[in-house]
Amino acid sequence: MNDSTSIRQQPAAANSIHGGLVSARGLDLDQFENIHTQVQAWTTAAGTGVKFVEARGLPIIDVVLRFKAGTVQDTAQPGLAALTCYMLDEGSQRYTAAQQADQLERLGAIMEKQVRLEHATLSLRSLSTKALLDPALELLIDLVARPAFSVRALDKVKQQLLQYHASRNRHPRLRARSEAFRHLFNGHPYGNPMGSTQQGVETTTPDDLRAFHQRAYCASNLEMVVIGDLSLAEAQAISQRISLALPQGWSAIDPPGAPAATSKTINVEQPGASNAVLFALPMSVPANDPEYLALVLASEVFGTGLESRLMMELRQRRGLTYDVYSRATPMSVGGLFTVEWDIAPQHVQGSQALVQALLRDFIDQGPTQAELQLARKQLAGQLLRDVAQNKRLADLLTKNTHQRQPVDHIDTYIECLTRLTPADVRAVMQRRLDLSRKVLVSVGPSAEQQPLPPPDQ
C-alpha cells in the first residue's frame with residue numbers, strides 16, 4: 001500500500017458511525033452531547049485526498065468523488081464544465097449509455113452526478129457484497145475515467161442543457177440569484193452562476209471535452225469520501241483503485257479574489273402572481289474562517305424556522321409571505337449572506353425596506369441568549385440527522401472537505417457552537433456585514449407600490 005500515513009486512525013465502532021450514539025431520540029440537546037464520527041483520512045499515491053468512516057450497520061457503501069471541475073474552470077468557453085460532467089454517463093470506451101444504465105439496474109446500484117460553480121460531483125451507492133460492489137466500482141471507474149464523448153450524444157446533451165438553462169431563467173427565485181451573482185461578481189468566474197452561454201455550448205466539440213476531462217478529472221484534482229460496510233484496508237484499496245485509473249498530474253487553483261461590490265437594485269419584469277425577492281450582502285468569510293460559524297448562527301436566528309425574526313415579522317405578524325429565510329453561503333474566495341422571500345407585487349419595496357430594517361437592528365443589537373440557544377439546538381439537531389444516515393454523512397464530509405475543514409470538524413462542531421456568545425455573534429456581524437453594499441433583486445410583475453399592512457392585524 002503506497003498511501004501516506006492516516007491523519008487520524010482509530011478503531012471503528014462495530015455498529016455505529018458516531019460512537020455509542022445510536023439514535024437522537026430522547027436526547028436533550030440543551031446538553032449538546034458530543035458526536036464521534038471516527039473519520040480517517042489519507043492521501044493516495046496519485047494525490048487524491050480521502051476521508052473514510054466505517055459503518056457496519058447496513059450492507060451499503062457510499063463513494064463520493066468531488067473534482068474541482070466546476071464552471072469556474074471553463075470561463076474561456078462557458079459550458080465546457082457542465083457538458084463534460086453531463087456526458088460522463090452517455091457512454092464510455094467500453095459500454096454504451098444503455099449498457100451502463102442496464103448494469104447499474106442489475107447491480108442494484110445508484111449513480112448520481114452534478115456540476116456547480118466550484119466542483120463536479122459523482123456518487124455511487126452500492127451493496128457491500130463483493131459480487132455486487134466490484135462490478136459497480138468498475139462501472140464507476142469506466143464512466144469517470146474513460147468517457148467516449150461521442151458526437152451524437154453531445155448534440156443531445158447540448159439541447160438538454162440549453163433547455164435546462166431556459167427553464168432556470170423562467171424560475172423567479174433562480175433568476176433572482178443569477179442576477180445577484182452577475183452584479184456582485186461582475187468580471188469574476190463566479191459572475192456566470194449557470195456556468196454556460198448559448199455560444200459556449202454550441203461551439204463545444206468532443207475534442208474540447210476530452211482536453212477538459214484530461215485536465216480537470218485528474219486524481220490530484222479529486223477529493224473522495226468513502227462510507228459504509230468495509231474495513232480501512234478495503235477503503236484504501238478502493239481509493240487507490242479509483243485514483244490510479246484517472247488522468248494524472250493537474251490540480252485546480254482557487255479563483256482570484258472577488259471584486260469590490262457596489263449597492264444596486266435590480267428589477268426583472270416577468271409574468272406571475274408574485275415576486276421573488278432577494279436581499280444579498282457580500283460576505284468575505286470562507287467556511288474554515290473562525291468567524292464563519294458566528295454568521296451561521298446569525299443566519300439561523302434571523303431567518304431559519306418558524307421562530308426566526310424574519311418569519312415572526314413577515315409571516316406571523318403581517319401575513320406577507322408563506323416562507324422567508326436567510327442563508328450564509330461560503331465560497332472559496334468569499335461568499336454571500338442572503339435573504340429570500342416571495343411577496344405580492346404591490347409590497348416588493350415595502351418588504352425590502354422592512355427586511356433591511358430588521359437586519360440593521362439585528363446587526364446593531366445582536367441575538368438574545370434565548371435566540372442563540374434555540375439556534376444551537378436547531379444546528380445540533382441537523383448535525384445529528386446528518387450523521388445518522390450514511391448518504392447524508394457522505395455529503396456532509398464531502399462538503400467539509402471542499403471547505404478545507406479539519407478532519408475532526410464534525411466532532412468539534414457542537415463544542416464550537418456552545419463557545420459563541422451573543423456578543424461574539426454581534427461583533428462578527430458588525431465586522432463582516434456591510435449594509436451599504438446591499439444588492440436588492442426582484443423578479444416578477446410590476447405594480448403600484450402600497451404601504452405594508454400593520455403588524456398583528
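**Helix packing, loop contacts and cysteines in the predicted model**

The crossing of helix 3 and helix 8 is right-handed. In this predicted model, the axes of helix 3, which spans residues 130-145, and of helix 8, which spans residues 232-245, come within 9 Å and cross at roughly 25°. Because angles under 35 degrees count as roughly parallel, helix 3 is described as roughly parallel to helix 8. On the side of helix 3, the contact involves Leu133, Asp134, Leu137, Glu138, Leu140, Ile141 and Ala145, and these residues meet Ile238, Arg241, Ile242 and Ala245 in helix 8. Divided by class, the residues of the contact of helix 3 with helix 8 comprise 8 nonpolar, no polar and 3 charged residues.

A further helix pair is formed by helix 1, residues 80-87, and helix 4, which pack at an angle of about 120° with their axes 10 Å apart. Helix 1 and helix 4 are therefore oblique to each other, and helix 1 passes helix 4 in a right-handed crossing. Ala82, Leu83, Tyr86 and Met87 of helix 1 make this contact together with Ala153, Leu154, Val157, Lys158 and Leu161 of helix 4. The contact of helix 1 with helix 4 has 8 nonpolar residues, no polar residues and 1 charged residue.

The loop between helix 3 and helix 4, the latter covering residues 151-170, holds Phe149. Phe149 is buried, its relative accessible area being 2%. When residues up to four places away in sequence are not counted, Phe149 touches Thr84, Met87, Pro206, Leu209, Arg210 and His213. Met87, which also takes part in the contact of helix 1 with helix 4, is 62 residues from Phe149 in sequence, whereas the C-alpha atoms of Phe149 and Met87 are 6.5 Å apart in space.

With residues up to four places away in sequence left out, the residues touched by Asn221 are Arg66, Phe67, Lys68, Ala69, Ala216, Trp250, Ser251 and Ala252. The C-alpha atoms of Asn221 and Pro78 are separated by 20 Å, and the two residues are 143 residues apart along the chain. Asn192 is located in the loop between helix 5 (172-184) and helix 6 (198-203), and at 23% relative accessibility Asn192 counts as partly exposed. Pro78 is one of the residues that Asn192 touches, the others being Thr71, Leu117 and Thr197, again not counting residues up to four places away in sequence. Asn192 and Arg437 are 245 residues apart in sequence, and their C-alpha atoms are 20 Å apart in space.

Backbone torsion angles were also considered. Most residues other than glycine have a negative phi, and most peptide bonds are trans. Phi of Gln38, in contrast, is near 55°, a positive value in a residue other than glycine. Gln38 is placed in the segment before strand 1 (40-43) and is buried, with a relative accessible area of 14%. Arg404 likewise has a positive phi, near 60°, and is a residue other than glycine. Arg404 is found in the loop between helix 13 (390-402) and helix 14 (409-419), where Arg404 is partly exposed, with a relative accessible area of 47%.

Within helix 14, the buried residues include His409, Ile410, Asp411, Tyr413, Ile414 and Leu417. The elements that cover the buried residues of helix 14 include helix 9 (292-303), helix 12 (369-387) and helix 13.

Finally, the cysteines were inspected for covalent links. The structure holds 0 disulfides. The sulfur of Cys85 is 16 Å from the closest cysteine sulfur, that of Cys218, which is too far for a bond because a disulfide requires a pair of cysteine sulfur atoms within 2.5 Å.

Key: Residues numbered from 1 in each chain as written. Predicted model: local features only at pLDDT ≥ 70, side-chain atom pairs only at ≥ 80, totals over all residues. Heavy atoms only, no water. Axes fitted to C-alpha atoms, helices over the stretch in contact; angles between N-to-C directions. Helix = DSSP H or I, 4+ residues; strand = E, 2+ residues; numbered from the N terminus. Parallel < 35°, antiparallel > 145°, perpendicular 65-115°, else oblique. Left-handed = near helix turned anticlockwise from the far one by under 90°. Contact = heavy atoms within 4.5 Å. Nonpolar A, V, L, I, M, F, W, Y, C, P; charged D, E, K, R; others polar. Buried < 20%, exposed > 50% of the residue type's maximum accessible area, 1.4 Å probe, protein only.
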